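Here is a short tour of a protein model for you. Have the viewer open as you read.

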Amino acid sequence: MARVMVVDDDVTVREVVVTYLRAAGYAVGEAADGESALADLRDERADLIVLDLMLPGIDGLEVCRRIRAKGDDVPVIMLTALGSETDRVVGLERGADDYVTKPFSPRELVLRVESVLRRVGERSGDKGSVSDGDLVVDSTEHTATLAGSRLSLTVREFDLLRFLLSHPGQAFSRDELLQRVWGWSFGDQSTVTVHVRRLREKIEADPTHPVRLATVWGVGYRWEPAS
């Protein structure tokens with residue numbers, strides 16, 4: 001049984017989310033602030049974290065940053081009452097895998113949780129590796145290395161990189177990547193834009209002038225294989 005940690009200082013929201021997740025068959029832990037959440041995660045690992053952006057003390061962005069700084073790739077779905085694209089992008093840049101804007105449907109949130117965990121499970125079932133020059137993505141070990149050094153990737157970054165390496169030279173729109181990489185029939189295209197930017201920061205010698213993960217103007221993105 002997958003364990004989901006719900007972190008939200010709003011008691012009503014937290015209770016509703018916890019109730020729906022338990023009804024869907026998940027084991028659920030809960031915390032009302034960032035400090036408590038980090039303490040819980042030190043004692044017991046979660047398979048996914050539902051994390052509110054606006055928390056007392058340590059906010060959700062800092063909680064997410066600290067989790068990623070430890071090299072933990074646990075999937076994070078950010079809850080935010082802030083609907084602007086900038087706020088969503090900041091959350092994704094800090095390492096969140098997905099986001100849901102308040103007010104939201106608890107049923108929709110459960111579907112998002114299922115979607116993220118399904119992708120993790122599918123990734124666990126994949127075998128073998130793909131490579132391009134000094135970049136190797138190993139689906140068996142769930143690792144990516146560049147010039148022998150291991151890259152710290154979120155679940156969505158790993159999935160995107162593996163997909164692109166598996167389809168060298170092919171151009172994909174952001175809508176196509178949302179569907180084919182993460183199985184979303186709906187979603188904000190900025191999700192793809194942010195993850196492309198984050199990947200470039202980790203794999204490109206100069207992220208401002210990418211040569212591996214190229215932009216195809218008017219279309220989307222393409223992986224340029226090493227010569």
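## Ground rules

This is a predicted model, in which local features need pLDDT of at least 70, side-chain atom pairs count only at pLDDT 80 or more, and totals for chains, interfaces and linings use all residues. Residues are numbered from 1 along each chain as its sequence is written, and side-chain values use heavy atoms, with hydrogens and water left out.

## Overall shape

The protein has eight helices and 12 strands; these are DSSP runs numbered from the N terminus (helices H or I, at least four residues; strands E, at least two). Along the principal axes, its C-alpha atoms fill a box of roughly 55 × 35 × 30 Å.

For 227 residues a compact globule would have a radius of gyration near 17 Å, and the protein's 18 Å agrees. That radius is taken over C-alpha atoms, and the globule rule is 2.2 Å times the number of residues to the power 0.38.

## Helices α7 and α8

Helix α7 (residues 174–182) packs against helix α8 (residues 190–203) at about 80°, with axes 9 Å apart. Axes are lines fitted to C-alpha atoms over the stretch in contact, and angles run from 0 to 180 degrees between N-to-C directions. The two helices are therefore roughly perpendicular (65 to 115 degrees).

R174, L177, L178 and W182 of α7 meet T191, V192, T193 and H195 of α8 (heavy atoms within 4.5 Å).

## The largest pocket

D73, R150, L151, S152 and L153 lie nearest the centre of the largest pocket, among 14 lining residues. A pocket is an open set of points on a 1 Å grid over the protein atoms alone, where a 1.4 Å probe fits, with protein on both sides within 12 Å along at least five of seven lines; lining residues have an atom within 4 Å of a point.

Terms used
Parallel < 35°, antiparallel > 145°, perpendicular 65-115°, else oblique.
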